[in-house]
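The entries below follow the order in which I looked things up.

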Amino acid sequence: MAVPNTIKVPVPFEYVFPHGALCLGVEPVTDFDKRGQGDDQARDKDTGERLWVVKVLDLDPEAGKFGGSKEVKVKIAAAVQPVPPASKIPGYPPAVEFSDVTLTPYVDSQRCKGNAHKCRARQAWSIRASAVTEPAAIKQAA
């Protein structure tokens, strides 16, 4: 049996963000093939819904340790722009949680420069979710 290239592996939110995440913003995903044609927002291939990217700060102290970034992007397919919860601490971004998180592996070849023996491609993960909400722990405390 062959594993499809677009496999979506469901995982719990706590698996991807064990220390939580803070929302930095939500914006539409641009379909660069449609640039300049009025509505250039990307659509989900399965549902046709608009795609949004939620930028979050990963609160894991190990995140970004090896030259990476602590900023993570999570895609959400929805008819309207997802609205993150309000921050409980003035001046700080709101803590968020994602529902129905899935991971899709892909090869990130951005660091390849044409030399096959020195290609620095790596396996990366595309993170998707169905919704962004207030964390359950904060809801229970309120």
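**Entry 1: Asp44**

I began with a side chain and found that a polar atom of the Asp44 side chain lies 2.7 Å from the backbone nitrogen of Thr47. I note here that the model is a predicted one. The side chain of Asp44 also makes a polar contact, at 2.5 Å, with the side chain of Arg128. I then looked up where Asp44 sits, and it is in the loop between strand 2 and strand 3. Is Asp44 buried or exposed? Its relative accessible area is 7%, so I put Asp44 down as buried, the cut-off being under 20%. Leaving out residues up to four places away in sequence, I listed Glu49, Leu51, Ala77 and Arg128 as the residues that Asp44 touches.

I found an open sheet of 8 strands with mixed pairing, in the order 1-6-7-4-3-2-5-8. Strand 1 (9-10) and strand 8 (131-133) are at its edges; each has a single partner strand, so one side of each has no neighbour in the sheet.

I went through some of the pairs. Strand 2 runs antiparallel to strand 3, and I recorded 7 bridges between them. Within this part of the sheet, Cys23 stands opposite Val56 of strand 3. Strand 3 and strand 4 are also antiparallel, with 7 bridges. There I noted Leu57, whose bridge partner in strand 4 is Glu71. Strand 6 (residues 102-108) is joined to strand 7 by 7 bridges, again in the antiparallel sense. Asp108 faces Arg122 of strand 7.

I also asked how many residues of strand 3 are buried. The count is 6 of the 8, so strand 3 is largely enclosed by the rest of the structure.

I turned to the nonpolar residues. In soluble globular proteins, nonpolar side chains tend to be buried together. The largest nonpolar core here has 21 residues, and Phe17, Val56, Phe98 and Val101 are those with the most contacts inside it. I listed the elements that give two or more residues to this core: helix 1 (13-16), strand 2, strand 3 (51-58), strand 4 (71-77), strand 5 (95-99) and strand 7 (122-129).

Not counting residues up to four places away in sequence, Phe98 touches Phe13, Phe17, Val54, Val56, Val74, Ile76, Ala129, Ala131 and Val132.

**Entry 2: Leu22 and Pro93**

I looked up Leu22 and placed it in strand 2 (residues 21-28). Its relative accessibility is 17%, so Leu22 counts as buried. Setting aside neighbours within four places in sequence, I found Leu22 in contact with Lys55, Val56, Leu57, Leu59, Pro93, Pro94, Ala95 and Val96. I also checked a distance: Leu22 and Val9 are 13 residues apart along the chain, and their C-alpha atoms are separated by 23 Å.

Pro93 was on that contact list, and I followed it up. Pro93 is in the loop between strand 4 and strand 5. I noted a relative accessibility of 28%, so Pro93 counts as partly exposed. Beyond residues up to four places away in sequence, Pro93 touches Leu22, Cys23, Leu24 and Ser87.

Key:
Residues numbered from 1 in each chain as written. Predicted model: local features only at pLDDT ≥ 70, side-chain atom pairs only at ≥ 80, totals over all residues. Heavy atoms only, no water. Helix = DSSP H or I, 4+ residues; strand = E, 2+ residues; numbered from the N terminus. Buried < 20%, exposed > 50% of the residue type's maximum accessible area, 1.4 Å probe, protein only. Contact = heavy atoms within 4.5 Å. Core = buried A, V, L, I, M, F, W, Y, C linked by side-chain atoms within 4.5 Å. Pairing = 2+ DSSP bridges. Polar contact = N/O pair within 3.5 Å; in protein donor to acceptor, adjacent residues only side chain to side chain.
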